[in-house]
Amino acid sequence: MVLVQSRGLSWPKRLHHTIWYHSSRTITSNSSIHLAHRLIQEPISGIKTALDSEMAKKSGIGNLEFSWDSLLSSIHSSSPHKAQLVLEWRLEKLLKESEKNCDTFSDLIHLCGKIQNAQAAMHVFTSMENHGVKPTPIILEALISAHLSSGNVITALGIFQTMQNSEDHKPTSHTYNLFISAFANLGNSKAMLAWYSAKMASGFSADLDTFEALILGSITLKRFQDADRFYGEMLAAEIEPNASILHGMFVGFCEQKDLVKIRGFLKGILDHRWEINGHMTEKLVGFYCELEVVEQLEWMLVVLTENNPNQDLDIVSQIHNGLIRVYAKLDRLDDVEYSVGRMLKQRVSFRSHKDVEKVLCSYFRKAAYDRLDVFLEFIKASHKLPRSTYELLVAGYRRAGLYKKVDLVIKDMEMVGTT
């Protein structure tokens with residue numbers, strides 16, 4: 001199979017982080033960090049020798065248990081030339097060992113795309129063919145992904161046309177997803193929708209990857225009605241959304257400042273018993289805090305804990321701390337103190353000393369010094385105060401002319417050895 005490579009278009013570098021092509025290898029990253037550090041220190045001439053040495057230790061390339069993705073990303077950021085040498089070395093070893101596994105070559109082509117090296121991807125492909133390994137749809141899709149990641153849209157389209165004209169390597173559902181995802185992340189809604197229509201016209205149905213590209217692409221373009229429509233189509237097809245889609249929908253609702261939709265959407269997630277992760281919670285809490293809508297935060301805390309008594313404490317902690325931040329900003333000390341007590345009762349502490357300091361500032365603004373003393377004694381039992389917090393206390397008491405308290409704070413700071 002002969003593929004002609006065209007000069008690529010200059011696409012944004014961010015694209016190569018979002019093209020959907022997944023390596024099939026199970027790998028570990030600790031070894032890759034160690035090897036990456038070693039290769040970065042090596043001169044260009046010593047890269048392949050260092051890899052040979054590592055392979056000898058592990059008794060063969062098949063036993064090199066580390067993340068090629070992580071290794072190449074680390075090296076490429078330091079030296080693109082060294083990253084290319086790593087790819088060359090791996091290809092040489094595969095050919096020397098007469099590797100015939102198509103997945104291995106598709107993984108290697110995928111790695112070329114990770115560092116936006118379409119030329120290396122084509123070299124792997126032609127070398128593979130010259131050694132008798134026939135291309136498969138998976139390999140051709142890896143090649144398309146590599147070219148899209150590198151901005152070579154013309155070549156990617158050429159490979160797609162080659163697949164269409166082939167009897168044995170017809171485009172698959174995933175092939176269309178690659179183009180839908182690419183144009184979605186580029187913000188080209190017209191091309192994104194055209195590829196979606198082409199996929200449906202070819203007899204394929206939309207899958208989770210398709211909907212993820214369409215929904216996230218629509219949200220990026222602020223085409224919120226389109227995102228709602230695709231989300232509805234996904235649910236109608238009985239496809240469960242993943243965390244990326246759920247987070248994206250929350251982002252869209254927050255950008256629209258649509259409190260009603262957010263509440264309804266969150267309730268829908270809970271009704272379906274889908275997972276709400278830390279990223280979604282952070283987005284929602286940040287949004288509610290920005291608008292100072294404590295009622296929504298209170299509701300969110302209740303529904304999450306009532307629906308799941310074993311709710312992840314990190315998620316519960318974000319909501320508690322968000323509530324306390326807003327109450328402190330509004331100088332609602334009664335609510336602050338109630339919220340702090342409630343939080344600690346649920347075995348959750350302050351996430352940051354900055355949240356503690358926001359509470360302290362509220363006490364100072366209200367000149368509630370006796371209540372501040374009680375709060376400090378209460379909080380010290382569960383939260384070690386850093387030096388910056390002690391300095392805030394010193395400054396606050398000085399402004400209030402409470403010099404005896406200044407001396408006590410300094411003495412306390414010296415006793416606990418705060419840095």
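**Aromatic pairs in a predicted model**

Student: Is Phe-160 buried or exposed?
Tutor: The relative accessible area of Phe-160 is 6%. Buried means under 20%, exposed over 50% and partly exposed in between, using a 1.4 Å probe on protein chains only. So Phe-160 counts as buried.

Student: What are we working with, and how many aromatic pairs does the structure hold?
Tutor: This is a predicted model, where local features need pLDDT of at least 70, side-chain atom pairs count only at 80 or more, and totals for chains, interfaces and linings use all residues. Residues are numbered from 1 along each chain as its sequence is written, and side-chain values use heavy atoms, leaving out hydrogens and water. Rings of Phe, Tyr and Trp (its six-membered ring) pair if their centres lie within 6.5 Å; planes under 30 degrees apart are stacked, over 60 edge-to-face, the rest tilted. The number of aromatic pairs is 14.

Student: What kind of pair do Phe-160 and Tyr-176 form?
Tutor: Their centres are 5.4 Å apart, with 80 degrees between the planes. That makes the pair edge-to-face.

Student: Which helices hold Phe-160 and Tyr-176?
Tutor: Helices here are DSSP runs (H or I, at least four residues), numbered from the N terminus. The pair ties together parts 16 residues apart in sequence, because Phe-160 lies in H8 (residues 153–165) and Tyr-176 in H9 (residues 173–185). So, in that order, they are helices H8 and H9.

Student: Which residues do ring pairs link into a cluster with Phe-160?
Tutor: Tyr-176, itself buried at 4%, belongs to the cluster. Alongside Phe-160 and Tyr-176, the members are Phe-179, Trp-195 and Phe-204.

Note on methods. Helices (H or I, at least four residues) and strands (E, at least two) are DSSP runs, numbered from the N terminus.
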